[in-house]
Amino acid sequence: MKRIILTATVLTSISFGALAQQKVGFPKYMYSKDGCSKTYFEKARKLNKIMGFSLGGAGLIASSFMPFSALFVIGGLGSAAETGYTYIEESEDKNKKIMAPRVRYPLARQYFDITNTLELTKIVHNSDSGDLSDIIPMYFDSLTNSKKAKSQYKECKSLARLEGISRGELKQIEQKLTEFLIEIEKSSADGGLSPIETAKKSYANCLLEIEVDDTYPIADLLLLKNELETTNLLSWRFKSSIRLFKYIAKKAKQQNKNLDAATFFKIIKDLDADGQICSNTKRPLNRKNLAKEVILKLE
């Protein structure tokens, strides 16, 4: 129990340091001047545009001979695909020309993922990022480890539901776990808890007690996410980077190698700095080949 309390305390202390980083987030543009991110973004945009035209055209052509009942469905899909890739034209705000499209097609998405990861790596290794340089890798690792605790997590939720806690209340506790832990301790000190408050405290403690390989993945995941929400980072771009990390970590595991997030960001930083991954500007490394390069650098 002491170790659990210590874990919660450490994470909570980190949280207060992160509060000062509220303005930290991805840059306004999709890429920065240094490194390979511009090459990857341009590759992603080009592929996305081609796929948008192809799917849009195919949808509109198909709608011309499909049965009447499917005409509006296929035609609508074609129109959506045709407009999904669209970028701001010359007459629009110049700064919006390098924004990501509303629809990102699968083949192009891998290059958007790499672009976003390169930009997030710069944030992780930026001296101005403060505690976030540690929090971001910790959060990535907790996402991976939390899968191992899925059954324990479900058991905690089931017990809480039997105690009369609604799904909405469970979600509130998870979303604001740091604040809940502080408030519940204050309430305990002020003279006891009601039955429902006791049940909520039990649920929070249940989450803190879930242990996998000497880590507390669920508690880490919820507490760290709580702190990241004080920043401007949690967007589709952040999720995009997580997707790439999970893919490469999975490929590394298949070769009996372990890849933690701190190592991942260090390798990505080095690959970006030497320009190896985008030396061919027309054909920068795709996700599969980038994974090979990262795994080669693992000891």
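**Disulfides in a predicted model**

I start with the link of cysteine 36 and cysteine 278, which is left-handed, with -70° about the S-S bond. Cysteine 36 sits in the loop between α1 (2-18) and α2 (37-62), and cysteine 278 in the loop between α12 (261-274) and α13 (287-296), so this pair ties together parts that are 242 residues apart in sequence. The helices are DSSP runs of H or I with at least four residues, numbered from the N terminus.

A word on the source. This is a predicted model, where local features need pLDDT of at least 70 and side-chain atom pairs count only at pLDDT 80 or more, while totals for chains, interfaces and linings use all residues. Residues are numbered from 1 along each chain as its sequence is written, and side-chain values use heavy atoms, with hydrogens and water left out.

Back to cysteine 36 and cysteine 278: S to S is 2.0 Å, where a disulfide is a pair of cysteine sulfur atoms within 2.5 Å. Both cysteine 36 and cysteine 278 are buried, meaning under 20% relative accessible area with a 1.4 Å probe, protein chains only.

How many disulfides does a search of the whole structure find? It finds 2.

The other one is formed by cysteine 156 and cysteine 206, with sulfur atoms 1.9 Å apart. Cysteine 156 belongs to helix α6 (residues 150-162) and cysteine 206 to helix α9 (residues 195-209), so the pair ties together parts 50 residues apart in sequence. The S-S torsion of cysteine 156 and cysteine 206 is about -80°, so that disulfide is left-handed. Cysteine 156 has 4% relative accessibility and therefore counts as buried.

Counting bonded cysteines along the chain, the disulfides follow the pattern 1-4, 2-3.

Methods: Helices (H or I, at least four residues) and strands (E, at least two) are DSSP runs, numbered from the N terminus. Buried means under 20% relative accessible area, exposed over 50%, partly exposed in between (1.4 Å probe, protein chains only).
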